[in-house]
Every structure is written in C-alpha cells, then in structure tokens.
Amino acid sequence: MKKTFLLLTALVFSVLGVNAQNFEKMWAEVEACKMKDLPRSAIDEAEKVRKKAERKGNFAWKTRAEFELLALWAGISTDSLKVYVERLNAELSGDELYVQNLKDLKTLNLICHALLGDACNMLSRKLRANKDMREDYKRKSEEHFALSLSDWNVLADASVADYKPLMRTLGREEDMRLYSNDMLNVLAAFSLSQQERYAGREAYELYDSLSRFYAGRGNRNGALLMKINALNSKRHLDEWGERLSRDDFKDSLLTLARMNADIEAGADAYDV
C-alpha cells in the first residue's frame, strides 16, 4: 500500500512538472514574438497559453496570459483594449468564472479585480483627449484595486506557490518568506505601484493598517516590514504637514530595529 501511494505521488508531481515545462515552452514563443516586434503574433501565442490554461484549470498561467494580452492590445489601439477589458469585466461578473480545480474562488476573484484595475488604469492613461472617459476608467480602476484588497484574511491564507507564474507579472519575484509567502503583500504592492501611490496619505494608511494586521496574525517580520514601508511613505506627507525629517526618520528606524533585534526583519530597519 505504501509503495502504491509513493508511486502515485511521484506520478502526480511528474505530471505537474511536465505541464509547467509545457507552459514555459509556450510562453517562450510569446516572448520571441515580442522580441521580433510582432505584437499580433504575440497575441496569438498568448491566446494559446490562455486557452490551454483554461482547459487545464491552471488559473495562474491563464491570468498571466490575460495580463500579457492586456499589455499587447494596449500597444495596438485603445479601442482594442476597451473591447478586451469589457470581455474581462463580463467574465468576472458572470456565473462561470474559470474555477475548475481552483482551490479558492475568493482568491481568484480578488486577483481578477487586480487584473481589471490594471486594465482600467491603462485605459485612463491612454484616453487623454476624452476627459470624461479618462475619469470614468480612473474611477473604475480605483474601485477594482480596492476590491482586490477587500479580504485580507483570504489573501493572507493564499500561498504564492499556487500562483508562481504570476509573480513576475505582479512584480514580486523576491523572497517573501518574511511575509509567510502570502498573496496579501503581493497584491498590496501591485495595487500601490500600478496607481503610482508609493507615498502619501493612502500609502501610509494602507501600510500602517497592514502592519497591525500582520502583528495580529503573529507575523512580527511582516508587521515590521510594513511599518518600515509606512515610515517611508510618511517622509512625503507634505499635504498633512507631518512629513518626517531625515533625522526623525532615522531615529524611528533605529527604534524599530532595537525593538525587533530578535527577528530576521530587524536587520532591514538598518538597511533602509
């Protein structure tokens, strides 16, 4: 019985490895077309990845393809991008949301909102001549990004290992052990970066709240890193009249470092 179980386990991991290699090989074709400046061909190849991933129930590769298709259509024309965005929006609102074999439907919805937030953000930047449409897509972008962070517990419980193909697209390829390898820190960073809100009131409030959230879950490393991000944001809070001076910023970091000298992230306070 034990030998049978081990054989089945080895077979499962073998199949998963082959599938990952197949997707990587298909993705290489997308990148090759982009290098040759052939956007239409790149779209065709990305569509192949998207359709295969949907058939296989591989959400991570499907969504990576969706992000790439958004960027490619944006480079062709605003109208093409608008059509693609509306299709994605309809898919997200529909009853059949490619959830085959997906462990967590809630996580899927949150990541899809990040995808649409990015798409609407692209459109708001491209529609410079039409103020009303530009503002409308900017509002939609903000709404989708807000929805992508509407359930921190779900994202904190979701592991980046399940969405590995998306990490480069979401701009988070570094080691995330100190955040317990969760999707919360990934989507929070993506939301702020795509909206160019690295600093200021909103960034400070988000980072400060996330620091308290991680502390509440017993993750002192994640709490400290978010607190450092909050302090960095507060250096630019001119609109509050509360901008931290350089000396106050250094003093705050040293205080955090001393208070957290017993954890791994404590050293990061010295490196900022």
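Predicted model: local features only at pLDDT ≥ 70, side-chain atom pairs only at ≥ 80, totals over all residues.
Which backbone oxygen lies 2.6 Å from a polar atom of the side chain of Ser-148? The one on Phe-145. Buried residues make up 45% of its 272 residues.

**Overall picture and confidence**

- Take the contacts between residues at least 6 apart in sequence: 63% of them join residues at least 24 apart.
- The mean pLDDT of the protein chain is 79, with 81% of residues reaching 70 or more.
- Residues 1-18 have pLDDT below 50, and this stretch makes zero contacts in the model beyond near neighbours in sequence.
- Residues 95-102 also stay under 50 in pLDDT, but here the model has 21 contacts beyond four places in sequence.

- Ser-148 belongs to helix H6, which covers residues 131-148.
- With a relative accessibility of 0%, Ser-148 counts as buried.
- Besides the 2.6 Å approach to the backbone oxygen of Phe-145, Ser-148 has contacts from beyond four places in sequence: Leu-110, His-113, Ala-114, Leu-155 and Leu-187.
- Ser-124 sits in helix H5 (residues 105-126), and it is buried too, at 9% relative accessible area.
- The side chain of Ser-124 reaches back to the backbone oxygen of Asn-121, at 2.8 Å.
- Leaving out residues up to four places away in sequence, Ser-124 touches Arg-134, Tyr-137 and Lys-138.

**Aromatic pairs**

- Searching the whole structure turns up eight aromatic pairs.
- In one of them, Phe-59 and Tyr-163 have ring centres 5.9 Å apart and planes at 85 degrees, so the pair counts as edge-to-face.
- Phe-59 is in helix H3 (residues 59-76), while Tyr-163 is in the loop between helix H7 (152-157) and helix H8 (183-194), so this pair ties together parts that are 104 residues apart in sequence.
- Phe-59 is buried at 5% relative accessible area, and Tyr-163 is buried at 5% as well.
- Phe-213 and Tyr-214 make another edge-to-face pair, with 6.0 Å from centre to centre and 75 degrees between the planes.
- Both Phe-213 and Tyr-214 are buried.
- The Phe-213 and Tyr-214 rings also belong to a cluster, where ring pairs link them with Trp-152 and Tyr-179.

**Lysines over rings**

- Lys-52 lies over the face of Phe-23, and the distance to the ring centre is 5.3 Å.
- Lys-140 puts its charged end over the ring of Tyr-137, 5.0 Å from the centre.
- Tyr-137 has come up already, as one of the residues that Ser-124 touches.

**Helix H2 and what follows**

- Helix H2 runs over residues 39-56; at 1.5 Å a residue, its 18 residues should span 26 Å, and the end C-alpha atoms are 25 Å apart, which agrees.
- The buried residues of H2 are Ala-42, Ile-43, Glu-45, Ala-46, Glu-47, Val-49, Arg-50, Lys-52 and Ala-53.
- As background for reading that list, an α-helix has 3.6 residues a turn, so residues three or four places apart point the same way.
- Lys-52 from that buried set is also the lysine over the face of Phe-23.
- Just after H2, Gly-57 takes a positive phi of about 70 degrees.

**Positive phi without a glycine**

- Asp-37 is not a glycine, yet has a positive phi of about 60 degrees.
- Asp-37 is found in the loop between helix H1 (2-35) and H2.
- With 62% relative accessibility, Asp-37 counts as exposed.
- Ser-180 is another residue other than glycine with a positive phi, near 60 degrees.
- The place of Ser-180 is the loop between H7 and H8, which is also where Tyr-163 lies.

Conventions
Residues numbered from 1 in each chain as written. Heavy atoms only, no water. Phe/Tyr/Trp six-rings, centres within 6.5 Å; stacked < 30°, edge-to-face > 60°. Helix = DSSP H or I, 4+ residues; strand = E, 2+ residues; numbered from the N terminus. Buried < 20%, exposed > 50% of the residue type's maximum accessible area, 1.4 Å probe, protein only. Lys NZ or Arg CZ within 6 Å of the ring centre and 35° of its normal. Polar contact = N/O pair within 3.5 Å; in protein donor to acceptor, adjacent residues only side chain to side chain. Contact = heavy atoms within 4.5 Å. Expected span 1.5 Å × (residues − 1). pLDDT = per-residue confidence, 0-100.
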